[in-house]
Number of protein chains: 2
Amino acid sequence: MSSLDEYSTNRAALIAEDRALRVDHARAATHTTAELQADAIVRRIRKEEEEAIWAKEHDDVPHPFPGMEFLTGKHIILKTKLFKLLSKMPKGALLHAHLDITVNSKSLLELALQYPTIHICAPTSINAATISSVSPEFKPHPPGLSSSSGALSLSVTDYIPNTWIPLQTARENFAPSLGGKDGFDTWILGKMSITPSEAYITHNNNIRIWDKFREAINFARPLVYYFPLFEKYVKTFLLETVADGVSYIEARINFSPKYMVGEDGQENVPHREWLITINKVAQDLKQSLKERGCEDDLIGIRIIYTIIRDCSLSEMEWYLEDCLALKKEFPHLIAGKCTVVESTTPFLTSLDAGFDLVGDENILKPLIDYIEPLLGFQKRQKELGLDVPFIFHGGETCGDGTKADVNLYDAILLGTKRIGHGFSLVKHPKLMQICREKGIAIEVCPISNEILRLTASMTMHPLPILLNNGVPVALSSDDPTVFQNMGLSFDFFQVLAASEVTSLLTLGHLARDSITYSTLEDIQKAYALAAWEKRWTTYVQAIVALDGAF
Amino acid sequence: MSSLDEYSTNRAALIAEDRALRVDHARAATHTTAELQADAIVRRIRKEEEEAIWAKEHDDVPHPFPGMEFLTGKHIILKTKLFKLLSKMPKGALLHAHLDITVNSKSLLELALQYPTIHICAPTSINAATISSVSPEFKPHPPGLSSSSGALSLSVTDYIPNTWIPLQTARENFAPSLGGKDGFDTWILGKMSITPSEAYITHNNNIRIWDKFREAINFARPLVYYFPLFEKYVKTFLLETVADGVSYIEARINFSPKYMVGEDGQENVPHREWLITINKVAQDLKQSLKERGCEDDLIGIRIIYTIIRDCSLSEMEWYLEDCLALKKEFPHLIAGKCTVVESTTPFLTSLDAGFDLVGDENILKPLIDYIEPLLGFQKRQKELGLDVPFIFHGGETCGDGTKADVNLYDAILLGTKRIGHGFSLVKHPKLMQICREKGIAIEVCPISNEILRLTASMTMHPLPILLNNGVPVALSSDDPTVFQNMGLSFDFFQVLAASEVTSLLTLGHLARDSITYSTLEDIQKAYALAAWEKRWTTYVQAIVALDGAF
């Protein structure tokens with residue numbers, strides 16, 4: 001053997017050894033011919049578009065690249081074949097999404113406009129000088145209670161600060177100089193989401209962007225937490241999500257507010273009613289999908305109970321008991337140790353799939369601050385024979401050894417089933433090993449991480465490190481209302497575009513893993529996986545038949 | 001034991017286990033009392049300044065943070081106690097710096113102004129409209145040959161494009177409306193370096209910023225490669241570097257140009273003359289340090305032969321032979337298998353410490369393209385009894401599986417002694433293991449990586465992953481002329497500021513490692529390490545005595 005041949009042999013062996021731990025390594029040996037063909041087609045399209053689309057200057061995007069800042073690149077992404085192709089892919093499960101921030105901002109505004117009871121106010125009259133800085137507010141009023149002042153527009157000079165105006169009226173009468181109704185919509189949508197200039201210029205770091213992020217969430221909350229609207233909101237969320245190829249959901253709900261505002265305009269709708277509504281909407285949708293012969297398009301939805309990580313210890317005790325009480329109240333709906341509702345159609349809505357704390361880990365309280373109630377919660381579950389696993393956020397930070405980073409140790413020690421974000425996990429060799437060995441999946445939210453400025457673009461994201469270390473990953477969208485990444489197609493796109501190792505078949509593996517690492521019971525999981533495999537096979541065949549041109 | 005106590009015990013054990021691989025873990029058991037006291041003082045100062053300086057808004061920096069973009073944050077860094085303290089630290093070795101881009105831009109301009117033979121031209125007259133976009137050029141002329149046209153100023157309206165003007169004259173006559181001489185200096189310095197707005201706005205990605213980077217290097221090159229100036233240039237570099245606490249240097253020189261311009265204005269000074277000059281300057285400086293009783297402030301300098309990774313295979317063969325010829329010509333000066341010049345003062349200038357290819361790995365040729373001549377080079381060395389290790393750049397990229405990323409496999413297979421940058425190494429578990437086990441150190445250049453937009457700030461840099469995986473690291477400055485990070489203090493500062501795990505003692509460990517992983521022979525290394533330890537002990541004691549207030 002010549003030295004060159006010998007070198008080539010050694011080289012191939014080293015590359016193979018380096019990739020041997022990779023999450024999709026074992027599966028590579030079992031790929032079907034159709035899968036390999038589809039993979040080659042997708043690689044070709046990616047390469048073609050890298051040169052024809054991403055290497056070119058665009059009018060409003062001077063130097064684009066694959067995996068670039070999402071808010072700037074989104075309209076380019078929408079033009080690609082690769083995106084069109086991925087939008088048809090069966091995505092498996094969405095395991096990390098905050099239900100109260102998950103509907104397209106446009107859909108949410110449309111919903112809100114259906115309610116004459118929903119009002120808006122602002123701390124000053126809206127004009128060209130104030131429009132970008134002013135923070136308006138929503139509030140549902142009791143029916144029949146009109147604007148106390150009879151005010152009709154936020155944009156007249158004599159608008160009295162903080163006067164409530166029905167949303168519809170405020171929109172109708174928005175100054176033509178500000179764009180009238182369209183200008184109103186643009187303004188409201190901008191307040192509900194993060195704009196490119198906010199993310200990439202004015203708030204271009206992780207600390208600052210959270211200010212805008214919180215503002216956007218708080219602004220939209222009175223709409224989402226208006227109980228008459230909530231049912232339609234959940235339906236919209238499910239429809240939009242299912243349309244993107246997601247077939248199972250574990251959604252986090254922020255239960256920190258103890259009540260939603262009811263039809264009477266009062267804060268009086270308790271947590272259990274929220275859950276009953278979600279269940280009803282999901283069952284209705286499931287029924288209608290069944291009638292259309294595609295019931296497996298939605299396997300089910302389960303809820304992860306979350307609260308903001310800034311409450312006192314005694315409040316924490318209250319929430320933990322509330323969580324257990326809800327779990328107990330709806331045993332017939334609950335997965336885990338219980339049986340499935342209908343064994344022939346393993347659809348279920350579970351009202352307590354898990355428990356989590358949310359909010360900026362860099363600033364709010366770390367898990368260790370709540371260690372006593374959290375350990376007590378586990379004890380209480382044993383006493384009550386319940387099973388509500390922790391599914392903690394951890395390491396959503398650029399910090400090294402900071403409290404947000406250190407949360408990872410506590411999440412793992414507390415037996416977390418998965419880790420939300422786990423952005424800083426890659427710094428911890430032992431914790432990566434534990435996650436790999438114990439099967440603790442990381443809910444990776446590529447676009448969320450980028451917009452919240454943990455990474456400047458997808459090409460800098462640590463995802464390849466997790467994949468190459470064999471840590472199971474489920475790609476997730478986190479907060480589509482704010483990030484404008486509805487469904488999972490955008491996140492899948494960014495991951496595929498930013499790597500030459502990751503392929504369509506890797507994405508398929510991640511979709512499978514999203515079901516594997518869900519909280520579904522084995523029998524349900526087997527059903528969900530089989531349903532997904534069926535869709536995947538059809539999808540792969542379609543790629544080959546259409547040569548990728550959907 | 002209560003469940004809480006048990007939890008605390010398990011927690012401490014997990015954190016310890018996670019950090020057990022860390023590069024400075026073993027040493028932690030042997031820290032002296034003074035080291036521990038100094039460490040506590042430095043942690044306290046870092047914490048105080050995080051709150052008092054970095055958490056505050058500054059006039060021109062709206063939201064600073066520790067480890068922020070260097071070009072924007074530099075003037076804040078300069079105000080900190082932490083920087084002052086680090087500037088006094090003995091840094092060990094500088095193992096990754098391109099000698100032709102290593103002197104402060106201001107020093108370089110001052111040197112150039114000493115030579116009436118150095119001329120400048122521009123493709124158009126310089127005025128307020130053209131000044132920022134125009135690319136001027138330098139050229140040394142033969143002595144006595146004045147500006148052919150007698151032109152006196154680049155900024156007059158009748159300046160004939162591309163007319164050469166003596167640099168001094170052009171500076172004297174620069175339009176007062178453009179700031180006169182000061183305006184000229186600012187303009188020239190801006191062309192030699194990367195400005196904050198270029199790095200963080202107009203060229204804010206890795207592909208684009210390389211355009212400006214190359215431009216800056218090419219602009220300065222005719223000055224550095226003017227042989228009459230070169231001697232003073234090397235002296236300035238050594239003085240600036242030694243002043244920052246660096247005691248040993250392995251500098252890369254770009255040998256792609258086969259000749260420097262000599263005193264007669266002709267390109268006729270071959271590589272061997274460059275080396276003789278470097279040796280002379282280093283020996284002179286060593287002598288003068290000896291006379292002042294601080295000869296160990298400079299242990300030595302060795303040269304790594306580099307060429308741009310875009311030449312043809314036959315050109316590559318020429319350079320490799322040239323490299324071996326130089327190594328052979330100066331055996332008495334060369335480390336490796338030869339003896340040290342003077343055994344009592346183990347100072348040496350070695351003219352071929354290693355071989356490397358440089359230039360943008362994303363665009364230019366990967367190592368595998370040169371595999372035959374590189375394998376041949378190793379064979380030739382055996383025949384000739386020479387030892388010129390490869391010290392390759394590799395993985396200076398955000399790419400995943402791209403040719404720049406794949407260079408890491410070839411660098412390691414070719415037996416690289418260290419890896420330049422290795423930015424993408426953290427994606428490769430097997431390669432990290434090999435580097436740890438074989439002692440292949442990574443020359444990490446924090447500020448370079450950030451300005452060249454591989455990472456948006458130091459807080460996103462993968463350095464903690466290398467450290468926590470036990471991969472040896474030597475912090476380096478890369479190209480101070482362009483990045484304005486003269487010495488190693490700025491890079492050390494960024495690393496210390498951006499982590500709560502990394503401490504002064506970690507930096508001490510990295511400084512030690514920079515000597516340990518140098519190409520010095522064992523006896524020389526032992527001397528260099530002992531000299532460093534002595535300075536370190538003094539430094540640590542000074543921190544304690546002064547309570548960190550240097």
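Modeller: Let us begin with a term: a residue counts as buried when its relative accessible area is under 20%. Please keep in mind that this is a predicted model. By that cut-off, E443(A) is buried, with a relative accessible area of 0%.

Colleague: With which residue does E443(A) form a salt bridge, and how far apart are the closest N and O atoms?

Modeller: The general idea comes first. Side chains of opposite charge can pair when their charged atoms come close. In this structure, the partner of E443(A) is R252(A), and the closest N and O atoms are 3.1 Å apart. R252(A) lies in strand β5 (residues 246-254) of chain A and E443(A) in strand β12 (residues 441-444) of chain A, so the pair ties together parts that are 191 residues apart in sequence. R252(A) also counts as buried, at 0% relative accessibility.

Colleague: Are D410(A) and R11(B) buried or exposed?

Modeller: D410(A) is buried, at 1% relative accessibility. R11(B) is buried as well, because its relative accessible area is 17% and the cut-off is 20%.

Colleague: Which residue forms a salt bridge with E443(B) in chain B?

Modeller: That residue is R418(B), with the closest N and O atoms 2.6 Å apart. R418(B) sits in strand β11 (residues 418-421) and E443(B) in strand β12 (residues 441-444) of chain B, so the pair ties together parts that are 25 residues apart in sequence. R418(B) is buried at a relative accessible area of 0%, and E443(B) counts as buried at 0% too. In chain A, salt bridges that share partners join E250(A), R252(A), D356(A), R418(A) and E443(A) into one network.

Colleague: How do β11(B) and β12(B) run, and how many bridges join them?

Modeller: The two strands run parallel and are joined by three bridges. Within this pairing, I419(B) stands opposite I442(B) of β12(B). To read the faces of a strand, one notes which way each side chain points. From β12(B), A441(B) and E443(B) point one way, whereas I442(B) and V444(B) point the other way, and all are buried.

Colleague: Where is D24(A), and which residues does D24(A) touch?

Modeller: D24(A) is placed in the loop between α1 (3-18) and α2 (33-54) of chain A. Leaving aside residues up to four places away in sequence, D24(A) touches T506(A) and H509(A). D24(A) is buried, with a relative accessible area of 11%.

Colleague: What is the volume of the second largest pocket, and which residues lie nearest its centre?

Modeller: Again, the general idea first. Rolling a probe the size of a water molecule over the atoms shows where empty space is left. The second largest pocket has a volume of about 510 Å³. Its lining comprises 22 residues, with T186(A), L189(A), G190(A), S193(A) and T195(A) nearest the centre. The elements giving two or more residues to this lining are α3 (70-77), α5 (105-112), α7 (180-192) and α8 (196-202) of chain A.

Colleague: Which element gives the most to that lining, and how is the lining divided by residue type?

Modeller: α7(A) gives the most to the lining of the second largest pocket, with six residues. By type, the lining divides into seven nonpolar, nine polar and six charged residues.

Note on methods: Residues numbered from 1 in each chain as written. Chains lettered and ligands numbered in written order. Predicted model: local features only at pLDDT ≥ 70, side-chain atom pairs only at ≥ 80, totals over all residues. Heavy atoms only, no water. Salt bridge = Lys/Arg side-chain N within 4 Å of Asp/Glu carboxyl O. Helix = DSSP H or I, 4+ residues; strand = E, 2+ residues; numbered from the N terminus. Buried < 20%, exposed > 50% of the residue type's maximum accessible area, 1.4 Å probe, protein only. Contact = heavy atoms within 4.5 Å. 1 Å grid on protein atoms, 1.4 Å probe; cavity = no way out; pocket = protein on both sides within 12 Å on 5 of 7 lines; lining within 4 Å. Points joined across faces, edges and corners; volume = space filled by probe spheres on them. Nonpolar A, V, L, I, M, F, W, Y, C, P; charged D, E, K, R; others polar. Pairing = 2+ DSSP bridges.
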